[in-house]
There are 2 protein chains.
Amino acid sequence: MISALIELDRAGDDGLVSQLTSQLRSLIATGRIGKGRALPSSRRLASDLGVSRNTVTYAFEQLAAEGYLDASHGRRPVATVDGGERVAAAGGLASNVNSARPRLSPWASKLKQADWPMSYQAPLKPLRPGHGDAREFPNEVWARCLRRSAVRAAKRELGPVNRARLREALAHYLATSRGVRATADQIMILPSAQAALTLIAAVLISKGDAVWVEDPCYPGAAAAFRASGARVTGIRLDEQGMQRMPGLAAPKLIFMTPSHQHPTGRLMSLARRTEFLRFSRPGKTWIVEDDYDGEFHYDSRPVPALQGLDGHGRVLYVGTFSKAMTSDIRLGYLVVPPALVGTFEIAQRHIGLIASSHIQEALAEFIADGHFLAHLRRMRRLYHARRDHLVEGLERHLGEVMSVEVPSGGIQLVARLKRGRADQAAVERLVAAGVETRALSSLALARPRDHGLLLGFAAWRESEISAAVRTMASCF
Amino acid sequence: MISALIELDRAGDDGLVSQLTSQLRSLIATGRIGKGRALPSSRRLASDLGVSRNTVTYAFEQLAAEGYLDASHGRRPVATVDGGERVAAAGGLASNVNSARPRLSPWASKLKQADWPMSYQAPLKPLRPGHGDAREFPNEVWARCLRRSAVRAAKRELGPVNRARLREALAHYLATSRGVRATADQIMILPSAQAALTLIAAVLISKGDAVWVEDPCYPGAAAAFRASGARVTGIRLDEQGMQRMPGLAAPKLIFMTPSHQHPTGRLMSLARRTEFLRFSRPGKTWIVEDDYDGEFHYDSRPVPALQGLDGHGRVLYVGTFSKAMTSDIRLGYLVVPPALVGTFEIAQRHIGLIASSHIQEALAEFIADGHFLAHLRRMRRLYHARRDHLVEGLERHLGEVMSVEVPSGGIQLVARLKRGRADQAAVERLVAAGVETRALSSLALARPRDHGLLLGFAAWRESEISAAVRTMASCF
């Protein structure tokens, strides 16, 4: 008797129709009500279950619409499905997942070997590089901007995916603070700076194109260009930053971090910047400038962006709010040369690289009302002191084992191991002791020339930095 | 005299150091202060300009750090840069942009020919398809969730890019409302549903792989798979939805919209669903189920997702909040089979397909507190009535020129032209009259078999629908 197989929970969250429908569906799908078997009439089943006849009728209609039952012509409904296929389904997913290795794209097959991105599932620990101090972020102010943005949405026209107010606020900020020369419509708002690299690679890189990156380098850049089939070459650094290699033909694209080279923090000299611009023929060689933490410069005022020196529209400028504000915000941006605006806008929507309008409008207000600059000013002072504190601590307690390259800005620094080439082992020892860091050798493209540690200082209070340095000293 | 070339605005927003630095930089960069020329001493320039000596010293130090000046050894600073390169830069960008066509990737070169995505820069007009009614969205409630999410961020641990609270709320919603069988960790939170298709194509599609889509079909799907090099074949529909073509070998991937076929709104029968599942060998043929508006079903309760019938982990389920809530939110999601979770998580971060934590946490609360289901219930009633209203209006006023295919759910419907094959011309006539619609023929992959109009009904009040129908009637 079918009613015996059904158990309705009258106190449950789900309505009776929903419960009955789902249990009948499951009985048919698993073959317990076989194909061709007639169910009781709605009157009969309602009476057996102690529910209203409507409840049963609705369930039957739903299952008929889904194709489980034939309820035509007012007859008793008949199961129309052979449960064979779905016996497995009823048995639970985990036990039935086919264990054959799924065939992936060539790109995806290699992803697990890539040492990037790092999978930090655990909470942030000192001195993980790449982070600002989220504890210092004015969450209340930001929360008000977000709330107002959402309330105002009722009156807002549906607009382009890159919100005009944010583009304008950002164009003004970039012009006055970073020396970037761009009109608002050259700015794309993206879900992350990495998305900007994906977009650039998709639009500009053909299979086999040569791309230069710094060596050591930000691994996400090499990964993005390789994903589009580029041949990526790492270019050595000297004191002035990336070198121009006279022996090599001009590549399709050069990726660089001139404000603070990632990871060394070196500032690319003006002479070197000019050299690269001269070398890059408009329309032939693109320069991608990743200004991921250019807002934070300590030894002088922030150095203007390379993009502002370019008079021929060959620099694409990438920025992020994840370092300048908080990584929770997940927003990057890309300034493209005028000739590429149309193509990039279509490409952005094709790939689906779209940021929430609520966040965009809130950020426009946060910038326009001066909160962004105020926060940057405060963080610049704070991070400056933290950099100095870490440098002093490392020199005092670990001066014999490592030498510090003091960056003129940014949120992290490199400490090179004076002896030995085992930064990976050192990193593992440190992580076990509670200090998170990244091996310099893991950022090398070619054979690593230096071994050392990439240490973040911006996200940590001076007392936390001191404690971490003591822990490090005890490990060496 | 250099001081004569400098004009400082004491009332301006920018500080004097910043103004002086930027004007000196510009004078050097444009060659007006030539390479090798000595500047006045800081004392002298300060006196000439009527500013403090510190102001000038800071500016000199900054320009020295940037490489424009040599200010070593306490001598008067000397310009170290040949302005030649940057004369162009100073002349303004627009006039100097190289007019040579930039070389794009093969994918990007074809973007402008693709008839997708539509570029609607203008405000939403009746009866544009693809939209819910943003005016009905509870912006105040959502604003509170956003505000609380941002305030709570101060206490929140840095976590994975897919927030656990949202994944759990979504897993529960999908299980109870859409019949999707998945644990929270199978869910990826993405910046849009299109981003989900991009991610799927990147991970699963190799160049030359066969992909089936419905014909007519959602153009973004064909675009995403083609971008990864797939050979895309359009499969005809019958009354039950996409047909299985016995003559064709099983493809790598089948994209379908079984809840409400896009654009026709047809519900795929259970028999057809089962047939496709049987046909798709685990690990060989993937099925992508795009359930873009499955929440809105009117003629019976929402039809459970195909994903829930699959016992072998071969269905990838795509959803969006842009239809169910508001397009401002820009959030999509993807449920992947357990065997693919690890690869998809790495791939997601590689491509940078990350959604703001603020939005994710706010949405988790919006769902957990019942606001999401309440909104869906209200919209379901509203959209149901609007569908009926549009169908009635079309049948009454335009019954002679078009026949309506009544969809069992969703937010749009197809009206076929009874005579003629000129839906594009009809669309243009209607747009000029203030009614936005999309030509059915533009959604065909092969030669279009039907001509008609895709009309949205969900975003419009009944009075607005009536007015639009009258406008349409006057155009035919």
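Predicted model: local features only at pLDDT ≥ 70, side-chain atom pairs only at ≥ 80, totals over all residues.

Mentor: Residues are numbered from 1 along each chain as its sequence is written, chains are lettered from A and ligands numbered from 1 in the order in which they are written, and side-chain values use heavy atoms, with hydrogens and water left out.

Trainee: In what order do the four strands of the open sheet in chain B lie?
Mentor: Strands of a sheet pair through backbone hydrogen bonds, either parallel or antiparallel. Helices (H or I, at least four residues) and strands (E, at least two) are DSSP runs, numbered from the N terminus, and two strands pair if DSSP finds at least two bridges between them. Here the order in chain B is β11-β12-β14-β13, with antiparallel pairing. The edge strands, β11 (402-405) and β13 (438-439) of chain B, each pair on one side only.

Trainee: Which helix lies across β11, β12 and β14 of chain B?
Mentor: Contact means heavy atoms within 4.5 Å, and axes are lines fitted to C-alpha atoms, for helices over the stretch in contact, with angles that run from 0 to 180 degrees between N-to-C directions. Helix α13 (residues 371-398) of chain B lies across those strands and runs at about 160° to β11(B).

Trainee: How many strands form the mixed sheet of chain B?
Mentor: Eight strands form this open sheet, in the order β3-β10-β9-β8-β7-β4-β5-β6 of chain B. Within it, four bridges join the antiparallel strands β9 (residues 315-320) and β10 (residues 332-335) of chain B, and B:G319 has B:Y333 in β10(B) as its bridge partner.

Trainee: How many residues does each chain give to the contact?
Mentor: Chain A and chain B each give 113 residues. Buried area is the accessible area (1.4 Å probe) that two parts lose on being put together, summed over both; between chain B and chain A it is about 9,800 Å², of which carbon and sulfur atoms give 59%. The largest share of the side of chain B that touches chain A, eight residues, comes from helix α6 (residues 139-152) of chain B.

Trainee: What joins the side chains of A:D133 and A:R386?
Mentor: A salt bridge is a side-chain nitrogen of Lys or Arg within 4 Å of a carboxyl oxygen of Asp or Glu, and these two side chains meet in one, at 3.0 Å, N to O. A:D133 lies in the loop between α6 (106-109) and α7 (139-152) of chain A and A:R386 in helix α14 (residues 371-398) of chain A, so the pair ties together parts that are 253 residues apart in sequence. Between chain B and chain A, the count of salt bridges is zero.

Trainee: Where is the peptide bond from A:P126 to A:L127, and is it cis or trans?
Mentor: This bond is cis, with omega about -5°, and A:L127 is in the loop between α6 and α7 of chain A.
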